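The stops below can be selected in turn.

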Amino acid sequence: MEGRAVLKEKICVYPGSFDPITLGHLDIIQRAGNIFDQVIVAVAKNPSKNGGWMPVAKRKELIYSSCRHLKNISVDSFEGLLIDYMEEKKASVIIKGLRAVTDFESEFQMAQLNHQMKPTVETLFMMTSPQYAYISSSAVREIISFQGDVKELIPQVILEEVMNYRKNIT
Ligand code: PNS
């Protein structure tokens, strides 16, 4: 209608390896979902990580199960440059979680490189909630490999599946 602004849906992309999704990731997804109309959780198919611990399809399944209670979250995967994927999705905001100073250097570099390649895409950082600041997917994988308990580290709904997955691959 003339004179009326058409409000555009605010979409953000939360990219990562999610191998597997942790409570720290879920915290960021939930909080991003409170700010944006749509959050696309995008699993990177990273050739340098040699296929990863879990196949991408399994990682997506686990993210989907963990986020089923949230209305505005979708799960996807991408290959290649993140900024190309942003273009494909017509999204202009990348969400990243920051746990500690150790994350800062690499995240700063990635944000700068992405900005240099595509200045219209913004990277926004969210500080991880303190109770999850020590959690990482690599720590989860290591604890599981020694049959340790990860129930405080990953979403409850995927706990059994992740533990069974581990039993089946060893
Ligand atoms: O969970 P991770 O492993 O820290 O996520 C890193 C990820 C997947 C977000 C990053 O490696 C990425 O964006 N990969 C896609 C390739 C790309 O765009 N590289 C250029 C930025 S340096």
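Start by selecting Thr22 and showing its side chain. In this predicted model, Thr22 caps the N-terminal end of α1: one of its side-chain oxygens is 3.2 Å from the backbone nitrogen of Gly24.

Next, select helix α1, residues 23-35. Its 13 residues, at 1.5 Å a residue, should span 18 Å, and the end C-alpha atoms lie 19 Å apart, which agrees. Colour the buried residues of α1, among them Leu23, His25, Asp27, Ile29 and Ala32.

Now hide the helix and look at the strands alone. What is the order of the five strands in the open sheet? It reads β3-β2-β1-β4-β5, with parallel pairing. β3 (73-79) and β5 (122-127) are at the edges with a single partner strand each, so one side of each has no neighbour in the sheet. From one strand to the next, the twist averages 35 degrees.

Zoom in on β4, residues 93-98, which pairs with β5 in the parallel sense over six bridges. Select Lys96 there; its bridge partner in β5 is Phe125.

Bring in helix α4, residues 101-117. α4 lies across β4 and β5 and runs at about 170 degrees to β4.

Last, select Gln109 in α4. Is Gln109 buried or exposed? Its relative accessibility is 51%, so Gln109 counts as exposed.

Notes: Residues are numbered from 1 along each chain as its sequence is written. This is a predicted model: local features need pLDDT of at least 70, side-chain atom pairs count only at pLDDT 80 or more; totals for chains, interfaces and linings use all residues. Side-chain values use heavy atoms; hydrogens and water are left out. Helices (H or I, at least four residues) and strands (E, at least two) are DSSP runs, numbered from the N terminus. The expected span of a helix is 1.5 Å times one less than its number of residues. Buried means under 20% relative accessible area, exposed over 50%, partly exposed in between (1.4 Å probe, protein chains only). A polar contact is a pair of N or O atoms within 3.5 Å; within protein, one must be able to donate a hydrogen and the other to accept it, and residues adjacent in sequence count only if both atoms are side-chain atoms. Two strands pair if DSSP finds at least two bridges between them. Axes are lines fitted to C-alpha atoms, for helices over the stretch in contact, and angles run from 0 to 180 degrees between N-to-C directions. Contact means heavy atoms within 4.5 Å.
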